[in-house]
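Biologist: Hi! Could you walk me through how the two chains meet in this one?
Modeller: Happy to, let me bring it up.

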There are 2 protein chains.
Amino acid sequence: MLTRRGIPLRTFAAGERIFLEEDAGNAMYVVRSGAVDVISFGKVLEHVGPGGVFGEMALIDDSPRAAAALASQPTEVAVIDKTAFLALIAEEPEFALQIMKLMAERVRRKPSGVGEA
Amino acid sequence: MLTRRGIPLRTFAAGERIFLEEDAGNAMYVVRSGAVDVISFGKVLEHVGPGGVFGEMALIDDSPRAAAALASQPTEVAVIDKTAFLALIAEEPEFALQIMKLMAERVRRKPSGVGEA
């Protein structure tokens, strides 16, 4: 689904940054090959491998990046801006459900019980 | 959008429970009138008023309810099961985006920075 509609691909070398904390966030990313580390305050919060998604939070609520993302090896990602995001959702509702599942997992990982209804 | 496709409505009296912690969660709710308290360990985590959504987490990842929901006044809700949820998303991608915004807000409220990319 990520190639046929002309969604742009980008490649990154090992160690190259994809975005930094506080960057404006106008796209989310799907890893096609390679791996990405999501990092905040020098701590790796998540490793994202092929098929994995990162950067969706800033896209969804138009906020700055709350963490940095670095390619940990040669990596290719699909870059999904808001227009493409809404088109994907409309065409494949299961895609939206997958993003929501990822987000639900993050909410449930919270130490407190806030918002877990 | 919540009436024309025959989405069921339910009414609750003040103080009546909508679901309890650990209940199976096969639907989310949109408040049409009244107000709902989302409660865990005796603490009100969220007040949800007209237009607000609750119970989406368990619907999304098929997990038991992690909090209870009680009507705090006479309340009418629309009950959205997974079939209706996917249909709504397909027809109105902005609906999916609204749910994601709500979830992003919850992730960002976390004390730690985990998952905030």
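**The A–B interface**

Modeller: In this predicted model, 39 residues of chain A are in contact (heavy atoms within 4.5 Å) with 39 residues of chain B.

Biologist: How much area is buried between chain A and chain B?
Modeller: About 3500 Å², and carbon and sulfur atoms give 73% of that. Buried area here is the accessible area (1.4 Å probe) that two parts lose on being put together, summed over both.

Biologist: And how many salt bridges does the rule find across the interface?
Modeller: Zero between chain A and chain B, taking a side-chain nitrogen of Lys or Arg within 4 Å of a carboxyl oxygen of Asp or Glu.

Biologist: Switching to chain B, which residues of helix H2 are buried?
Modeller: In H2(B), residues 82–91, they are Ala84(B), Phe85(B), Leu86(B), Leu88(B) and Ile89(B). Buried means under 20% relative accessible area, with a 1.4 Å probe and protein chains only. Helices are DSSP runs (H or I, at least four residues), strands likewise (E, at least two), numbered from the N terminus.

Biologist: What do they pack against?
Modeller: H2 and H3 of chain A, together with S3, H1, S8 and H3 of chain B.

Biologist: Why does Val79(B) count as buried?
Modeller: Because its relative accessibility is 16%. Val79(B) lies in strand S8 of chain B and touches residues including Ile7(B), Pro8(B) and Tyr29(B).

Note on methods:
Residues numbered from 1 in each chain as written. Chains lettered and ligands numbered in written order. Predicted model: local features only at pLDDT ≥ 70, side-chain atom pairs only at ≥ 80, totals over all residues. Heavy atoms only, no water. Buried < 20%, exposed > 50% of the residue type's maximum accessible area, 1.4 Å probe, protein only. Lists of a residue's contacts leave out its neighbours within four places in sequence.
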